[in-house]
Amino acid sequence: MIAALAALFCLPAAAQPQIDWSKVEIKTTDLGSGVYLLGWQGGDSLILVGDEGVLLVDTSVAAMGDKIKAAAAKISNKPIKVVVNTHAHADHFGANELMAKGGAMIVGHEALRERMAKGQYLAAFNQTIPPSPPAALPTVTYVDAMTLHFGGEIVELIHVPNAHTDNDTLVHFKRAGVIHASGTFGGAGNYPFFDSSSGGSLAGTIASEEKMLSLADAKTWIIADEGDPAHTAALKASHDALVAIRTRVQKLIDEGKTEDEAVAAKPTKDIDASYLRAGGFLTGDVITRMAYQSLKGAAASARR
Ligand SMILES: [Zn+2]
C-alpha cells in the first residue's frame with residue numbers, strides 16, 4: 001500500500017490507481033506546540049489545535065475527508081475552523097467542500113482559487129482535474145503573504161512564485177517551528193516534483209527551498225507533501241542537489257544537447273543514490289527531463 005501511494009503523490013484523485021481508501025490509515029505525529037502531522041503518504045495534512053478550534057492545512061482527497069476529521073477529533077473536540085490549501089493539486093483540496101460544510105473558512109492563494117474554479121490539466125500525468133464546486137473554493141485569498149493568528153500561534157502564509165505550481169503557499173508556524181513546504185520539498189531522500197503545466201519550475205522550486213532555509217533553524221520541521229517529517233539538514237541537501245542538477249543540465253543545454261541526449265548523459269547519476277525511493281516515479285531520468293524542459297522553457301519565455 002505504501003509503495004503504491006508513494007508513487008502517486010500529487011496525482012489528481014481521478015488519476016490514482018485503484019486504491020482501497022478504506023485501508024489507508026492516517027498516522028498522527030505530534031510536532032509540538034499544538035501542531036500535528038496527519039500523514040497518509042499522499043497530500044499530507046497538518047493541524048494546529050487552539051482553544052478556538054482547529055486549523056487544518058490541506059484537506060486530502062475527498063475519500064479521505066472523514067478520516068482527516070476523525071484524526072483531528074482524536075486530538076481536539078473543537079471544530080475545524082480554518083483550512084489552508086497549500087496548492088491546487090487534488091490531493092490537497094479534495095475534501096474542501098466537506099470542511100466548508102462543517103463551518104471551516106478556506107484560505108488559499110488567489111491563483112489556487114482560479115485554478116480550482118476553472119479546472120486544470122496536468123500534463124505530467126495526462127490528467128484533467130474538473131472545476132471544483134463553488135462550496136469547495138477558498139473564501140479568503142491573498143497575493144504575496146498573509147498572517148493568521150490562531151491558537152496563540154503566528155501562522156505565516158508565504159507565496160513562492162512558479163515553484164511546485166504557480167499557486168503554492170508555504171505555511172510557517174513560527175512559534176512551533178514547523179514549515180509546510182507545499183510540494184516544493186520532496187522529503188528526505190526524494191526529489192521534489194515541479195509541475196510545469198501548473199506553472200511550476202525548477203528555478204522557483206530552488207527559490208522556495210532557499211526561502212524556507214532563510215526561515216528555518218536546525219530544529220525546524222520541514223513538511224513535504226508526503227512522507228515523514230524532516231529537518232532543515234534534509235532541506236539543505238535537497239536544495240544543493242537541485243542546484244547541482246540545474247548547473248549540469250544547463251551546461252548540457254548550452255552545449256546544444258537535445259533532451260534525449262541530456263537524459264542519456266545521466267547528469268544526476270552520482271546524486272540519484274541519495275534521492276531515489278523505490279517505487280517513486282521521480283527517477284534520475286525523469287528529474288533530468290523535467291529540469292531540461294523547465295530551463296529551456298524559462299529561456300524561451302525570457303526571449304519573448
Ligand atoms: Zn502537488
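In what order do the 7 strands of the open sheet come? I began my notebook with that one, keeping in mind that this is a predicted model.

**Entry 1: the 7-stranded sheet**

I read the order as S1-S2-S3-S4-S5-S6-S9, in an open sheet with mixed pairing. At the edges I found strand S1 (27–32) and strand S9 (140–142), each of which pairs on one side only.

Strand S4 (residues 53–57) runs parallel to strand S5 (residues 80–84), and 4 bridges link the two. For a handy landmark, I noted that Val57 stands opposite Val84 in S5. A reminder to myself for viewing such strands: in a regular strand the side chains alternate between the two faces of the sheet.

Helix H5 (residues 110–118) lies across strand S6 (105–109) and S9, and its direction makes about 105° with S6.

**Entry 2: the other sheet**

I moved on to an open sheet of 6 strands, ordered S10-S11-S12-S13-S14-S15, again with mixed pairing. Its edge strands are S10 and strand S15 (230–231), and each pairs on one side only.

How do strand S10 and strand S11 run relative to each other, parallel or antiparallel? I found them antiparallel, with 6 bridges joining S10 (residues 145–150) to S11 (residues 153–160). Met146 has Leu157 in S11 as its bridge partner. The two strands form a hairpin with 2 residues between them, and in the turn I spotted Gly151 with a positive phi of about 60°.

For a parallel pair in this sheet I turned to strand S13 (residues 178–180) and strand S14 (residues 221–223), which share 3 bridges. Here Val178 faces Trp221 in S14 as its opposite number.

**Entry 3: H7 and its helix contacts**

I looked at H6 against H7 to begin with. The axes of helix H6 (residues 202–215) and helix H7 (residues 232–254) come within 10 Å and cross at roughly 150°. That angle makes H6 roughly antiparallel to H7, and I logged the crossing as left-handed. On the H6 side the contact includes Leu202, Ile206, Met212 and Leu213, which meet H7 residues including Leu235, Leu242, Val243 and Arg246. By class I noted 8 nonpolar, 4 polar and 4 charged residues in the contact of H6 with H7.

Which residues of H7 meet H10? I listed Ile245, Arg246, Val249, Gln250 and Ile253 on the H7 side, and Ile287, Thr288, Ala291, Tyr292, Leu295 and Lys296 in H10. This contact of H7 with H10 divides into 7 nonpolar, 2 polar and 2 charged residues. H7 and helix H10 (residues 284–303) pack at about 65°, with axes 10 Å apart. I therefore wrote them down as roughly perpendicular to each other. H7 passes H10 in a right-handed crossing.

**Entry 4: aromatic pairs**

How many aromatic pairs does the structure hold? I got 2. I wrote up the pair of Trp21 and Trp40: the ring centres are 5.8 Å apart and the planes meet at 70°, so the pair is edge-to-face. Trp21 lies in the loop between helix H1 (2–6) and S1, while Trp40 lies in the loop between strand S2 (35–39) and strand S3 (45–50), so the pair ties together parts that are 19 residues apart in sequence.

Key
Residues numbered from 1 in each chain as written. Predicted model: local features only at pLDDT ≥ 70, side-chain atom pairs only at ≥ 80, totals over all residues. Heavy atoms only, no water. Pairing = 2+ DSSP bridges. Contact = heavy atoms within 4.5 Å. Axes fitted to C-alpha atoms, helices over the stretch in contact; angles between N-to-C directions. Parallel < 35°, antiparallel > 145°, perpendicular 65-115°, else oblique. Left-handed = near helix turned anticlockwise from the far one by under 90°. Nonpolar A, V, L, I, M, F, W, Y, C, P; charged D, E, K, R; others polar. Phe/Tyr/Trp six-rings, centres within 6.5 Å; stacked < 30°, edge-to-face > 60°.
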